[in-house]
Amino acid sequence: KNTHQITFYHDGNRITAQVSRNLFKGVEAFAPSGDSAFNNAILNGAAKINSTFKRLVTSWNPFFSFFRNPIRDIQEAGLYTRYPLRTFAKNYARARREISTNGRYWQEAKAAGITSASVYDYEKGLTYKNESAIKKLGQRLESASNAVEMAPRLAEYISAREAGLSVQEALLQAQDVTTNFGRSGVFAKKLNATIMPFLNPAIQGFSKMVRAYTGKDAAQSWVNLIVRSIMLGLAASALNDLLNDDDEDYKNLSDYVKENNYVIALGDGDFIKIPKGRVASVIGGAYLRAKWYMEGDEDAFEGWISNIASQVTPVDNFSRTIFSPLTDISTNTTWYGGQIESEKWSDTQPKDRYDETTSSIAIWLGKVFNYSPVKIDYLLDQYGGVVTDIVLPATTLQAEKGIVSQNLIANATTNSRWGTEFYSQIEKYTYKKTAGDAAAKGVVKYLNGIKSTLSDMYAQKREIQSDKTLSDSEKNTQSKIVQAAINALQKDSLTNAKYLYEELKKYDLSEENFDNSYLDAVSVVVGEEFALRTYNKQVYEKAKSLEKLGIGFGTYYDYYFALKQISAATDASGRTISGSKKAQVIAFTWAQDIPRIQKLILIMSAGYKISDGDIRGLSAKQAQRVVAQYITRLNITKEEKAALAELCGLTVSNGRIIITA
């Protein structure tokens, strides 16, 4: 009970020794918090699955290992280094050379235990076994990943040693310059190894940040940290935003992308994404959101807290396990809090919920199981790591770039901010409507109408991507044109929704008057054409025809609803006076400040036949001839002329307009 037996090998000899329990615990405390083996077969199996999953998304993923993670680590190390930034930068370059050449400082740091702070397989170190080709490739990649991840730590170690610190003191500083994965508690260590893949890194990252800001050795060091936080976080984000601020593509780019990455414009709506450090994204995000709020975006800070939680706290990781992707698809919620399936799929059968970005694998599985391909894709992507990052994009309907562009490039059209904001605003106004807000009820009605139009546009994109007669280049071009139109519609509708909400408050929104008030408000904010389209399909089609005759939607909107208020006169007995409504319509129309030809067209298209004496100085025959000649002179097809003549009550025979009066 008081001793532990340990076995090790030296020069090929097996050596067994008994050590005291307290000594064993002390040695064990220095061991890394990796996916250690368990005596329990179930836990051991879970640890192996968990370990494979983590490798797929980290050390075996070159974009994580050689791009995102090193860039973030350099920023974090620049923030937390105890030495001047120029010293860290100089020694970072030295550290890369030391690791590649197995230099003196690297040998010394390894012997001291620097690799125990790594996120990777520190039990194997930076070597690989001569196994199968696939395993050998994975081990080579992991070894290279380990080396890249070690560079900031070794840079700090070199700075400390050259500042006169002992090996032990230098090691402590090196392990703590970025997240120290060697630190852990017993409980967190077991959870991290079995069902919560990234719990301990999240805990240690948050712990590091708290200790850095609250436990500095000297006031000057703490001031340096604050200055660096502002410089690397706020100033860098502000400069990046300022350099792109006059770029319309940048303004349309996803807020999530801008908040968590520095972006460099490449032209044609493309931007290189350079990940921000975790602290930098929080501080820079505060600046960006404050700027958006000052520019009039009332929802600028929506989602900021969740982004902070995701970047620098372990909150998300306490709630996420190896099984969380299964929970995600059941709740339709992504790991970052968004929707897997957006509202655009609400009226679509599950098996048909896919677009040009969905993999053919997921589409096939969706049809087999009558389940959403979008959710299947999400599930495959969550568990497959780098494998599905390569495979899934290669089987999509779209002829887009694959894993490289996914990780390095953002596009203002395909990564637009407006889709997320559009469906977020529908949700916001729906909540208000449920709470009894009548103005919000009108806005929801308007946005739902837009959503129906968007659904047709998304279907158009699917048709383009499914068209085998088009080349990949043609598919890309046509799809981007449609997507740009979708983005523009979403953007404009959000602006309209904001003004419509305020306009509706000026009207009587009681149940009996709501529809008329809604139409009037929409006509003011969005325009009469949209109001007519919303009101009645047949009325809208008629308005489009009259628009060809020179009568604008605004003119027809006012005229149509004014005529609805006109009713026939009655005599003393209450009987309808024959012809009284026609006379009132003609009198009303003739009083409008519009050209005479438009007055005649409106009267005749309203279903009234002009007779002799109805209009002073104009006979029935003259009225028909004027309208017929006007239509004949239009630069449209013969069929269109015939349709317009019939709309005005004129007779058409063999394509010719006949005067019958």
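**Notes on the predicted model**

1. Q425 is buried, with a relative accessible area of 12%, and in this predicted model the residue is found in helix 21, which covers residues 418-434. The side chain of Q425 makes a polar contact of 2.7 Å with the side chain of D299.

2. Q173 has its place in helix 7, residues 167-175, and is buried, at a relative accessible area of 13%. The side chains of Q173 and Y83 are joined by a polar contact of 2.7 Å. Not counting residues up to four places away in sequence, Q173 touches Y83 together with R82, E156, A160 and L165.

3. Turning to the aromatic residues, the structure holds 14 aromatic pairs. One of these is formed by Y540 and F553, whose rings are stacked, with 6.2 Å from centre to centre and 20° between the planes. This pair links distant parts of the chain, since Y540 belongs to helix 26 (residues 537-548) and F553 to helix 27 (residues 553-563), 13 residues apart. Y540 is buried at 9% relative accessible area, and F553 also counts as buried, at 15% relative accessibility.

4. What is the arrangement of the rings of Y556 and Y560? Their centres are 5.9 Å apart and their planes stand at 40°, so the pair is tilted. Y556 and Y560 are four residues apart in helix 27, and therefore about one helical turn separates them. Y556 counts as buried, with a relative accessibility of 4%. Both tyrosines belong to one aromatic cluster, which is formed by Y535, Y556, Y557, Y560 and F561.

5. K276 lies over the face of Y262, at 5.3 Å from the ring centre, and R417 lies over the face of W418, at 4.3 Å from the ring centre.

6. For the chain as a whole, there are 31 helices and seven strands, and buried residues make up 44% of the 661 residues. Among contacts between residues at least 6 apart in sequence, 61% join residues that are at least 24 apart. The protein chain exposes about 34200 Å², of which carbon and sulfur atoms supply 55%.

7. Where is confidence lowest, and where is it highest? The lowest mean pLDDT, 53, is in helix 15 (residues 315-319), while the highest, 95, is in helix 29 (residues 596-605). Over the protein chain the average pLDDT is 81, and 79% of the residues score at least 70.

8. Two segments call for caution when the model is inspected. Over residues 32-37 the pLDDT stays under 50, although the model has 24 contacts beyond four places in sequence for them. Over residues 120-129 the pLDDT likewise stays under 50, and here the model has 30 such contacts. Where pLDDT is low, the predicted coordinates should not be read in detail.

Conventions. Residues numbered from 1 in each chain as written. Predicted model: local features only at pLDDT ≥ 70, side-chain atom pairs only at ≥ 80, totals over all residues. Heavy atoms only, no water. Helix = DSSP H or I, 4+ residues; strand = E, 2+ residues; numbered from the N terminus. Buried < 20%, exposed > 50% of the residue type's maximum accessible area, 1.4 Å probe, protein only. Polar contact = N/O pair within 3.5 Å; in protein donor to acceptor, adjacent residues only side chain to side chain. Contact = heavy atoms within 4.5 Å. pLDDT = per-residue confidence, 0-100. Phe/Tyr/Trp six-rings, centres within 6.5 Å; stacked < 30°, edge-to-face > 60°. Lys NZ or Arg CZ within 6 Å of the ring centre and 35° of its normal. Areas by Shrake-Rupley, 256 points an atom, 1.4 Å probe, with all protein chains shown as cover.
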